[in-house]
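Here is a briefing on one protein chain and its ligand. Look at the model first, then work through the points below.

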Amino acid sequence: MLTIEGLSRHFGGVYALRDVDMAVARGELRGVIGPNGAGKSTLFHLIAGHLRADHGGVTFAGRRLDRLPAHRRAALGIAIVFQEARVFRGMTVRENVMVGAHAATRAGFWTAALRLPAHAREERLIRARADAALARVGLDGWADRPAETLPLGRQRSLQLARALCAEPRLLLLDEPASGLRAAEREALAGLIADLRRTGLTIMLVEHDVGLVTRLADRITVLDLGRVIAEGTPEQVRGDPRVVAAYLGE
Ligand code: ADP
Ligand code: MG
């Protein structure tokens, strides 16, 4: 589903990502872990097209993405939930999710974000998709509330629904559990496991290594922009390089 070859990106004199190779199978849940500054968010931004690579490339479902802008990659089926994701204030939960369906077209995104009148039939279709996405994350019943009134755990579910509304084939989740309480974290983990069971390919960056270990089929460990280990959760957990990278944090 996703092949990454020799991917590199620097900021000034610092290599955020250096010569990274990775292959993610269709339907896989790939965990990506590593200490702060390891390059995890940079990797996701390079896949989603929010950053350009210095070297190397990304192939998605047989197609080279390197020259495609983010909205074209979204149209091909790549959705990302950003580490610093926020909800749009002053919009309802449903309106927030509808923005996700429009994200695949640049004009459509602004139509939704600014609430300009769109074609009525298309609008009805997207509304139905938004409601389906809300149901998938357990937010049916919350659709008409102002988004900013949701507790943080529910806001994370909303961000997930927004990504799902674009009907992605690859979902990139960057630290979706950060700041959540234990019960919210468990609910989110259950939701991610459900999505994986529907066949969606997921890449999960998470600070909570225990959570990644429970959910992932395979884990890639980054440190200082390089892949230092990769394998099943059991293989990675016992790898001395991984232990050393975390102890050095
Ligand atoms: P992680 O998500 O694993 O914590 P990041 O990908 O955010 O790591 O960052 C990797 C490295 O690249 C860090 O050293 C960080 O300071 C640097 N970096 C990331 N984004 C930028 C940027 N926009 N400008 C300058 N440096 C950046
Ligand atoms: Mg990050």
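Why is helix H1 largely enclosed by the rest of the structure? Nine of its nine residues are buried, so H1 is largely enclosed. Keep in mind that this is a predicted model. The chain is assigned two domains: domain 1 (1–77 + 168–249) and domain 2 (84–167).

- The buried residues of H1 are Lys-40, Ser-41, Thr-42, Leu-43, Phe-44, His-45, Leu-46, Ile-47 and Ala-48.
- Ligand 1 is surrounded by Phe-11, Val-14, Ala-16, Gly-34, Asn-36, Gly-37, Ala-38, Gly-39, Lys-40, Ser-41 and Thr-42.
- Two elements give two or more residues to this shell: strand S2 (14–24) and helix H1 (40–48).
- H1 supplies the largest share of the shell, three residues.
- By type, the shell holds four nonpolar residues, six polar ones and one charged one.
- Just after H1 comes Gly-49, which takes a positive phi of about 90°.

**The enclosed strand S8**

- Is strand S8 (residues 201–205) largely enclosed or left open? Five of its five residues are buried, so S8 is largely enclosed by the rest of the structure.
- Both faces of S8 are covered. Thr-201, Met-203 and Val-205 lie on one side, with Ile-202 and Leu-204 on the other.
- S8 pairs with strand S3 (residues 29–33) in the parallel sense, over four bridges.
- Within this pairing, Val-32 has Val-205 of S8 as its bridge partner.
- S8 also pairs with strand S7 (residues 170–174), again in the parallel sense, over five bridges.
- Here Leu-171 stands opposite Ile-202 in S8.
- From S7 the chain crosses through H7 to S8, and this β-α-β crossover is right-handed.

**The antiparallel sheet**

- Strands of a sheet pair through backbone hydrogen bonds, in either a parallel or an antiparallel way.
- One open sheet has four strands in the order S2-S1-S4-S5, with antiparallel pairing.
- Which strands stand at the edges of this sheet? They are S2 and strand S5 (63–64). Each has a single partner strand, so one side of each is left without a neighbour in the sheet.
- Strand S1 (residues 2–11) and S2 run antiparallel and are joined by seven bridges.
- In this pair, His-10 stands opposite Tyr-15 of S2.

**Where the two domains meet**

- The centres of domain 1 and domain 2, taken over C-alpha atoms, are separated by 24 Å.
- How many residues of each domain are in contact with the other? The count is 12 residues of domain 1 and 13 residues of domain 2.
- On the side of domain 1 that touches domain 2, helix H2 (70–76) and helix H7 (182–197) each give two or more residues.
- H7 gives the most to that side, with four residues.
- That side of domain 1 divides into nine nonpolar residues, two polar and one charged.
- H7 is also the helix of the crossover from S7 to S8.

- Most residues other than glycine have a negative phi.
- Ala-61 is not a glycine, yet its phi is positive, at about 50°.
- Ala-61 sits in the loop between strand S4 (55–60) and S5.
- Around Ala-61, 15 other C-beta atoms lie within 10 Å, so this residue is partly exposed.
- Glu-167 is not a glycine either, and has a positive phi of about 50°.
- Glu-167 is in the loop between helix H6 (152–164) and S7.
- Glu-167 has 15 C-beta neighbours inside 10 Å, so Glu-167 counts as partly exposed.

**Arg-162 in helix H6**

- Is Arg-162 buried or exposed? Arg-162 has 27 other C-beta atoms within 10 Å, so Arg-162 is buried.
- Arg-162 belongs to helix H6.
- Leaving aside neighbours within four places in sequence, Arg-162 is in contact with Asn-96, Val-97, Val-99 and Gly-100.
- Arg-162 and Arg-86 are 76 residues apart along the chain, and their C-alpha atoms are separated by 11 Å.

How values were computed. Residues numbered from 1 in each chain as written. Chains lettered and ligands numbered in written order. Predicted model: local features only at pLDDT ≥ 70, side-chain atom pairs only at ≥ 80, totals over all residues. Domains from an automatic or database assignment. Contact = placed C-beta atoms within 7 Å. Nonpolar A, V, L, I, M, F, W, Y, C, P; charged D, E, K, R; others polar. Near = placed C-beta within 6 Å. Buried ≥ 20, exposed ≤ 12 C-beta atoms within 10 Å, placed from the backbone. Pairing = 2+ DSSP bridges. Right-handed = clockwise from strand over helix to strand, strands pointing away.
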